[in-house]
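Please open the structure in your viewer and keep the selection tool at hand. This tour moves from stop to stop, saying at each one what to select and what is there.

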Amino acid sequence: MPLFFTTTPSLLPMPDTMTNSILIHSCTLLAAPDAPLLSDAWLLTKGDTIAAIGTAANLKQQETNQTTTIIDGHGKLLAPGLINGHNHCAMTLFRGLADDLELATWLNEYIFPAEARYVNKEMVYHCSKLAAAEMILAGTTTVADGYFFEGQAAQAFVDTGMRAVAAQGIIDFPAPGVPDPAKSLETVAEFLDAWQGRHPRITPAIFAHSPYTCSNQTLQGAKKLATERQVPFFIHVAESRQEQGMIQAPQGTSPIRHLAALGLLDPHTICIHGVWLDDEDLDLLATNGAGVVVCPQSHLKLASGMAPVSAMIERGIRVGLGTDGCASNNSLDMFREMDLLCKTQKVHTLDATTLPARQALRCATVSNADLLGLGNIGQLLPGYKADLILLDLQQPHLAPCYNQDLLVYGASGADVHTVIIDGRLVMEDKKILSFDIQETMREVRRLVILEG
């Protein structure tokens, strides 16, 4: 099969969705997870940035022109776009391929063999576009992705209009695009060379699969490269009860203590999962400033357990929220994830006051933005990037809407009406404008795995 990209893809803005400014008026506005709802509000964007916010009383003072797109927000809630803190977007192809299995069996007997056989540049590009469509339709405007052939995933995010932290995967056995594991760091360096500074919505990063699939030398080499290039460093860690026994040459008595002994924990390290953590692990994370992204839907489906999120937050550990990939979820709806995060923590602690809804909203917006080093998204404030969603409140299950808690306990991705990313109208009236979703679905169907 020839290389999927034979020429350098265009990185120009999408002309059909570009606008100089957008004015959304007559809406209910939620500026931040803990902010009060603002009634009869408006928001004005200019270029890729939020320019101003106000209420009907001062709307007439705002200057608009013929290029301003006007959106009537009556009956709708304007909120920050959600941020998915962990995903393997191309794994949409494996959705439903291997369900109802424990983690080691799922990985070793199904997912790793399927990846070895089916993952290539074409698959990563089209299946990442499919994931982007699912996320946009459900109100996610930014994703942290980690996979192989990550350059193709990054291009998919550019072409769909999403914002992304795109992390090239590293693992110590032959992987898609890296048949020789000895060249994994070289492959990552080439990816960073290609994407650092290339597009304003793409932040390249490094994703080391786990401490049990990467040697100590590989992990330290990957972290050193991330530090030198000043990019985020992601790693799956403490996901299963058996993980410590799978680590070769352990340097500590738990996966987190292993990473700490190798010098991998710092504010630029994002630990994914963090289910099996004891008090010493939590103290190490807090002391070193490393963050954790939890994926409650995936944790439950794989029977991994429930991450001690409340204990993390009590220690000041930064906690974000993600869906994980479609193969272990099987949905990319961050509203579902917020709801489950709250409820599993309440069951975990047997305390109904544990992890209130607004904390889950914070995990899916400002906390994820902080973890990913994207300090100018996650809230609706002047000067922040214009990543916005409008939800239709004219639904029986969203009436009445007293406050934003209803977004966590009552809303779903299906309630999202309009999505704006980087000041571009990407979806309106539940129709994606930035790319042809039907074409993407045709391409993915062509790649579908037919044999059992």
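**First stop: the cysteines**

Select Cys-127, which is buried with a relative accessible area of 0%; here buried means under 20% relative accessible area, exposed means over 50%, and partly exposed lies in between, with a 1.4 Å probe and protein chains only. Before going on, note that the model is predicted, so that local features need pLDDT of at least 70 and side-chain atom pairs count only at pLDDT 80 or more, while totals for chains, interfaces and linings use all residues. Residues are numbered from 1 along each chain as its sequence is written, and side-chain values use heavy atoms, with hydrogens and water left out.

From the sulfur of Cys-127, the closest cysteine sulfur is that of Cys-326 at 9.7 Å, which is too far for a bond. Now select Cys-89, which is also buried, with a relative accessible area of 0%, and whose sulfur is 8.2 Å from its closest cysteine sulfur, again in Cys-326 and again too far for a bond. The structure holds zero disulfides, a disulfide being a pair of cysteine sulfur atoms within 2.5 Å.

**Second stop: the aromatic pairs**

How many aromatic pairs does the structure hold? There are two, where rings of Phe, Tyr and Trp (its six-membered ring) pair if their centres lie within 6.5 Å, and planes under 30 degrees apart count as stacked, over 60 as edge-to-face and the rest as tilted. Select Phe-112 and Phe-173, whose ring centres are 5.2 Å apart and whose planes meet at 70°, so this pair is edge-to-face. Because Phe-112 lies in helix 1 (residues 103-118) and Phe-173 in the loop between strand 8 and helix 4, the pair ties together parts that are 61 residues apart in sequence. Helices (H or I, at least four residues) and strands (E, at least two) are DSSP runs, numbered from the N terminus. Phe-112 is buried at 15% relative accessible area, whereas Phe-173, at 30%, counts as partly exposed.

Next select Tyr-147 and Phe-148, which form a tilted pair, 5.5 Å centre to centre with 50° between the planes; both residues are buried.

Finally, select residues 184-195, which make up helix 4. Its buried residues include Val-188, Phe-191, Leu-192 and Trp-195. Just after helix 4, Gly-197 takes a positive phi of about 75°.

Methods. Expected span 1.5 Å × (residues − 1).
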